[in-house]
Each structure stands twice: as C-alpha cells, then as structure tokens.
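Here's a quick look at aromatic rings and the surface around them. Have the structure open as you read.

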Amino acid sequence: MIGNMESLTPVSTPTFMPSSAGNSVVIETNADALEATVMSYGLLMIFVLAIFSFVRNRYPKLFNVRACVPDLYCDIAAKSNFGGIDWIWNVFKVEDEHLLECVGLDAVCTIRFLHLGFNMAFVGCLNALVLIPVYMTAEVTDANSDTDNWLSKSNIGYLIDQDQRLYATVISSYIFFGSAMYLILQEFKWYTTNRHKFLSRLSPENYTVFVSGLP
C-alpha cells in the first residue's frame, strides 16, 4: 500500500522562463531568413523581368496578340509599341476611355483593381519611410541589446513596452486605413458613373438578346 502511495506522489516538472536573449536569437534567425528570402526572390524577379523585357519585342505575336490577330485587333495594342523598359511606366498613361472602347468594362475594372492595390502599397511604403527610422532609433535596453541585425531593428519588435514611439505606429495605421477607405470610395464613384455610361452606349451588345436552344 505504501509503495502504491509513493508511486502516486506528484513529480515536479521543470519550468522554462522566457529570456530576452532567447527571444533575440529567434528574432535574429527570422530576420536572417527573411533577408535571404528577399535577396534570392528579388534577384529572381529582376532576372525574369529582364528576360521578359527582351523577348516581348522580339516575339510580338506571343506578347501582343491584339496587334497581330485581325479578329482581336485593338488600336491601343497596335499603336502603343513601348520599348524594352519604358513600358513599365507607360502603361499607367493609357486613359480609361480608350480601354473601355477596346477591351470593355470588365477588363478596365480588373486593371483599376490592380492599380488600387498599387496605390495602397505606395501609401505603406511612405509610412515605412517614417517608421523605419523611428524603430531603429529606439532606446537600447536589456530586452533588445542583443539585436544586431538591421532588419530586426527596423520593425516594431525592436521597441520595448510603453515606448512613446508606438504612437507613430498608431498614427501610420490610421493614415493607411484612412487612405484605403478614401481610395475605395473613389473607385466606387468611378464604377457607378462609368458603368451607367458604358451600358447606355449605342452598342449592339447592350441591346441584343441571345436566345439558344429554340426548336
């Protein structure tokens, strides 16, 4: 009986207390992995972009179909023969009215949706120009003294609790979400106006009913 009671005696388990040094090692490891990923995929993107910029003018039938196939002919594709690199910024200069005439409302909405994402990302980049110096100039304490990687110092994880620099993060978040709501509101206004304008045109597809399966 005594032996059974001894076998039921609870055994204390070791506890592990988190340390700032351990957290710093994890942050450093994640920062190094992120830096290596950005470098590898960044170089790959530059390499693929260079190949695309070279072959798009050499093989127009593959990359500019609307200028080569009569059934898909489009004035914008035929006249806008952008160069090897300047197509990156010249595509933003094409007006929506020309796109509506050539490719329709659905394609224009898709392009404007991508442009909306570009504008929101640009706002985030502007916030980063302010936040990164704010984070990197944070006070060095026991919690972040072991952080040597510049990428780890340029994010909010480098700040300590109750740091006044956190107000910059709050303000930048309001700027980002406020800009996003404003941009989305402008897109809704554009879509409402141009959808009615597009559907009210004297075009056959707007006033034609296709019926199939009649006996």
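Phe176 is partly exposed, at 26% relative accessible area (under 20% is buried, over 50% exposed, partly exposed in between; 1.4 Å probe, protein chains only). Phe177 has a value of 52%, so Phe177 counts as exposed. A bit of housekeeping: this is a predicted model, where local features need pLDDT of at least 70, side-chain atom pairs count only at pLDDT 80 or more, and totals for chains, interfaces and linings use all residues. Residues are numbered from 1 along each chain as its sequence is written, and side-chain values use heavy atoms, with hydrogens and water left out.

The whole structure holds two aromatic pairs (Phe, Tyr or six-membered Trp rings with centres within 6.5 Å; planes under 30 degrees apart are stacked, over 60 edge-to-face, the rest tilted).

| Pair | Centres | Planes | Type |
|---|---|---|---|
| Phe92 and Phe118 | 5.5 Å | 35 degrees | tilted |
| Phe176 and Phe177 | 5.5 Å | 75 degrees | edge-to-face |

Phe92 sits in the loop between helix H5 (87-90) and helix H6 (96-103) while Phe118 is in helix H7, so their pair ties together parts 26 residues apart in sequence. Helices here are DSSP runs (H or I, at least four residues), numbered from the N terminus. Phe92 is partly exposed at 48% relative accessibility, and Phe118 is partly exposed at 45%.

One more ring contact: the charged end of Arg112 sits over the Trp190 ring, 4.3 Å from its centre (the cut-offs are CZ of Arg within 6 Å of the ring centre and within 35 degrees of the ring normal).

Definitions and conventions
Helix = DSSP H or I, 4+ residues; strand = E, 2+ residues; numbered from the N terminus.
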